[in-house]
Each structure stands twice: as C-alpha cells, then as structure tokens.
Amino acid sequence: MKSVRLFDFIQFDGASWQVAAHDGAELALKNLSTGRIRRVQVAELLADDSYLPDAPAPLPSLAGVALLETLEPAARAQAELLHRHVYELVNGTPPDAAPGTAPKPEYDLANPLLRRIEAKAAELAAAGTPISARTLRRHVAAYRKQGIAGLADGRNTRQSTLAGWADPELVALLEAEIAGQTNTSTGTRSRAVTRVRALAERQGLTVPSRATLYRILAKLEKSRHPFGNATTRRTQASRPDRTWGRQAPARPGELVEIDSSPLDLMLIYPDGSTGKADLTVALDIATRTPLAAVLRPEATKAVDAAVLLARAMTPLPLQPGWDAALGYSRSVLPQGMIPGGADVRSAIAAKPVIVPESITVDRGKVYIGATFTSACERLQISLTKAAPRTGTDKPHIERFFAGVNSGFTQYLAGYTGPNVVRRGKDPAAEARFSLADVQNLLDWWLVAVWQNRPHPGLRHPAMPKKDLTPNEAFAALSGVAPQIPVTLTREDYIALLPLDWRTIQPYGINFHNLHYDNPALHEYRGVHSGLPAPANGRWEIRYDPYRLQSIHVRDHRRGVWIEAEWTMARQLAGPFSLDVLAAAKKALDKRSGSIPGADLLAEVNRIMTAPAGRAEARAARRASASPSSVPDPAPLRLLTPVSEEEPKPEPGAAAPSAAAATAPAGPRPRRHARRIDLLED
C-alpha cells in the first residue's frame, strides 16, 4: 500500500524531494539538490513506478486480505476468534463494539501494551484457552504488519514443493524417467519406480519407500500421460511450452490448412483387394469450408497435393469427367445415396469457391517437394510450414478429420473405427464401396451436409450465441471483406496437372508405351514443336496419373489443349491409373520382348474385373458382393454392365482375354518387337 504525507522525504523521477505543501489533489515537492519547487498530482505521484518513500508505509499490507476465504472452516473460526482478542489489545474495544463504547479498564489505551497483554493472557487462561504473553506479543506484531492474515495458523497456509522433502536429485531421476516414456511402448508405474530405485542406489542417493516414490510420481506425471495411450502421450509431448495462440482470419481464403490422414474405412481396390485410402483436404479457417477433398489409395503423393489445389479453385462441374463419374456412381450405388441432378447442382452452387492466399502445411515430403511448391508459386499462394511434429500449428484440419469420421465415414459399410480397440471383427469383409464411389459420396456430403451444419467455431459479433454454418459464415464475411470471384477454367485445371514432353509420331504419341491419338494431331505428326530446352522440339503434354485413358497435348500455336485418347480406351472395363498399368506390365513381365497391346489390355481388364490366383480369387469374391464401379472419377464411355458371355471383339481386334486367363505360367515364345498399342492383324 502506497501513501504520502506532508514533510515526507521521497524519491521521484530520479531525484530526492521533500513534500513541502499539500493543496487538495496537488503536492508541492522541493528538490533537495536544487531547491526547485515542482507541483505534482497526488494520483500521478502514487501511480509512478519511480516513486519510493524513505520510510515504509505505516498501514498494513492488503495482500492477504482474502486469505480467510481460502481456509478451512475450523481454521477460519480460530483466526477470527484470535482477531477479536488482538483487536481489543490494540484498539481497547472489540471489533463489534458500538461506537462510543468505553474499553474495559484493563484494556484502556492509557495502560502500557505489555500490561494489556498480561491481562488478556489471564483472561484467556481463565476461559480455558490459554495463550502465553509471548505468543500474544507475536500475534500483535503480525497483526500490525499483515492484518488479520497474520493471525492465521501458518500450517494451514504453508506452501509445499511438488515433491515435498524429497532429494532434488531423486526428483530429477523421476522427471527423466517420465520424459523417456514419450516414444517408448507404454509400461506400468512399477517399472518406472524400479528403474529409478536402481539408478538412485547406484548413485548413492537416499531412496525413500516405494509408497513415497509412487506419491511423488503421481504429482509429476500430471497432464503428460506417461502410462496411458502412446498416441496421447506423444500428442501431449508435442504441445508448445507457451500460451496457445489463436488464428482469427478476417476474410475467406486468408488462411488455409492442408493435411492428409488415413480414412477409417475399408475400400475395394481395382484389383479386388481391400484397404484404406488417404484423405487430403484443404480447409479454409475463416469459414471452415473444405475447398477440396481428394481420396487416394495408400499414401498421398506430391502430384495429389498439386491436383488438390487445382480442384480447390475449380468448381466440381468444371472438372473434367466429374459429371460422368457422378452419374455412374448414382447408377451403381443404392438408390437415394446420391440425389438427382437438380439437387446436386443447387447444393454445389451454394458452396463458395474460395481462392487461397496463404496455406499452412506440415513438413511431409508431399508438401515440401518441388511439385507442390511450384503449384503454389504459379497460383501466387504463400506457403507456411508448421513446426516439426507439432499438430497444434494446424488444429482446425485435425478436427475436421474427426468430423468426417463421426459424420460421414462411420455410416458406410467397412468402417474400421479410429483404432484397433474400437474395430469390428472383420471390416474388410464388410467393404462395399470403391474409391470412386466414396469420393463422389464425400463430395456430395461436403456440399450438402457439412456446409449447412452449424459449427461452434463460427460466430458473428452481432449474434455471439448463434453457431453459423460454413455457408452462412462465408456470406457474413463476404459483406465485410468481399472477394473477387476467381475460378479456374478447364484449361487452367489441365495446366496444373503433371508435365511431360513427347514427340508426335505418325501413329500418335507414345506415353508409357501406350498409343494416344486424336485427329486434331494430323498436322503436327512428325513436326518439330519449336520449343526450346527442356522441350528440345518435343510437345508439352499434361496427364492425370489416375486417369490414363487420355492425355492432354498443348497446341501452343493456337493456345488450346488437345485431348488424345488411348486407342484401346473403348475396350476398357473402366478407368485405370499408373499403378494398374505397372501391375499389368509386371504380370506380363515374364515374356521376352515387347508386350502386344491386346495382351496388355486384357491384363488391365483382368486386374480390374476378374483377378486370378488364390489371393486374387479371395479378393474377387469380396468384390462380387458389391456393385461394379470404377477406381476414380473419370469420363466413362462404357456404362453398360458386362454380360456373362464373352464380348465380341471389334473389327480388326483380337480377343486375348480367354487366352490370357488360360495360358500357363511359363514363358511364351519370343516375338518380334512391335508397338504394344497396336492390335494384331
């Protein structure tokens, strides 16, 4: 408590002063060195940090004024009773005495303090609660210094350390043992106690009982989860040792988080086997709108992250092949899972298209590679890398994955649960959906359900108690910080696909030993493109690694893209990817020389429709329980179901499917080299 009185000597503003006069709210200070008079406001003087009185304040400290409220009832009653007696000693009358009450003769302030203390000690002894005069003198001194807080029993207000009276070196061993549990398999407390006891005895420390070690361990392990789930323990260990910040973007697209996580769902792969898929999402923080969501088998690749940016800035109807894939999934999925075209179009129209300004990613190879960073550079998007192993740097996208599992994934057949403890007996046997089906269902769920579901993290200052939906949040923020609507066209989307260079031969383009052609390429067959290095006269092509039915050739002279189709695409059972193509080549790798296109086509169709062998037969039985589908959304040209009879080959085409299925496993006779994309005459 600060105070100032007339004629006090004080330190203020780096000099020594004496209070010379007091005029209302002002003080006249005389400089002891120069004699100069300075007028200062009382409030200004007392609030200044440089003010320092020469003598301590005569008033008691108010630091412990609320101490009684923290005591147990019995300790508080004891302190209040002692306060009554000490107050009478100091002031002559009890604290509840009426104004003007005369003090008792033995407590009259005219008597010396020591005589009043002796009288009070005799009074307490006669009442059966004896307190010595020496103790009363100590209570009086504490009361004058600290007020009623100085009369509380110190045993009730004493603060103890976390480990009590334990040896600090022993506590350090326990701390090290707890910290060492972060990346190890979960053990018990007895293992930790046994290790610490052995180390302490080896170092010659005094080791307390096991019960004491358990009590100290229980105090030290709080919030670190050293003996629980390993995943929780690692998450707790990665938390920053500071106050958590809060990201509050003021406009849509200001901050976007991108991350990948395995989807808790068993899917049917193109070869009939079952497994999980990786979900990669770009989430706008201001509106909680998922800009795009991409499902890929196994792990997400750098090209998938680059394609994600293209899909985030391109409305679904403008993405090549999306309409046809959605219609195909609607025909093979149970009725009602995907509504009619009018409902889909209205839901898609309500979902905003947001242009990212800044993206936060982790340090995975997918996001720090040249493919993804180049795509961000081309779109003029700033990239921020999260701290290593710190999920709290992008908490919103982590929570989004939990929302997908609780609101979408758990309602589909083949749901695995978040961990093995919650997993069913055989989720793989329950798998019913392909990757393309789940991708289309997820796209529909995001625009129809997620975008219209209130989110507790979205609030408007005018309605602080109302949770907004992502669509409502976008509408509210757009009025404050309007955006220029920018979307990628079909040509822009193609320009973000992976790049390669190829020559245009008389038969078309050879890409991964497949023959792609289009009548629009006639005038460029065998023609030098005229592009410098790294093209070196070759033509620029763009391809989707999950949609190899066609590639896109850039006609830089006219500024258009030419879609070249694989010459055998019309005989495919469905779209195929680079992985399927590699599997087909591996299956035919035993033969020497080049592989005829008819054999490769048959092998691709077999992998996607009728796998052979014991392992493939088990996968085929699992696939037979679900409707036939395609591995990824793409334009489909054969939407009619395949009959049980062998399809008739086109004119000039061989039908090697049966031969490929019945041929022995040994090597075939060597053939002359030929292009694999040409049918045998």
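Which residue takes a positive phi in the hairpin of β9 and β10? To find out, let's walk through the sheet that holds this hairpin. Keep in mind that the model is predicted.

**The sheet**

Five strands make up an open sheet with mixed pairing, and their order is β10-β9-β6-β11-β12. Strands β10 and β12 sit at the edges, since each pairs on one side only. From one strand to the next, the twist averages 20 degrees. In general, strands of a sheet pair through backbone hydrogen bonds, and they can be parallel or antiparallel.

**The hairpin**

Strand β9, residues 277-284, runs antiparallel to β10, and eight bridges join the two. Two of the bridge partners are shown here:

| Residue | Bridge partner in β10 |
|---|---|
| Asp284 | Thr289 |
| Leu283 | Pro290 |

Four residues lie between the strands of this hairpin, and here is the reply to our opening question: Arg288 takes the positive phi, near 60 degrees.

**Around β10**

Is β10 mostly buried or exposed? Eight of its nine residues are buried, so β10 is largely enclosed by the rest of the structure. Buried here means under 20% relative accessible area.

Technical notes
Residues numbered from 1 in each chain as written. Predicted model: local features only at pLDDT ≥ 70, side-chain atom pairs only at ≥ 80, totals over all residues. Heavy atoms only, no water. Pairing = 2+ DSSP bridges. Axes fitted to C-alpha atoms, helices over the stretch in contact; angles between N-to-C directions. Buried < 20%, exposed > 50% of the residue type's maximum accessible area, 1.4 Å probe, protein only.
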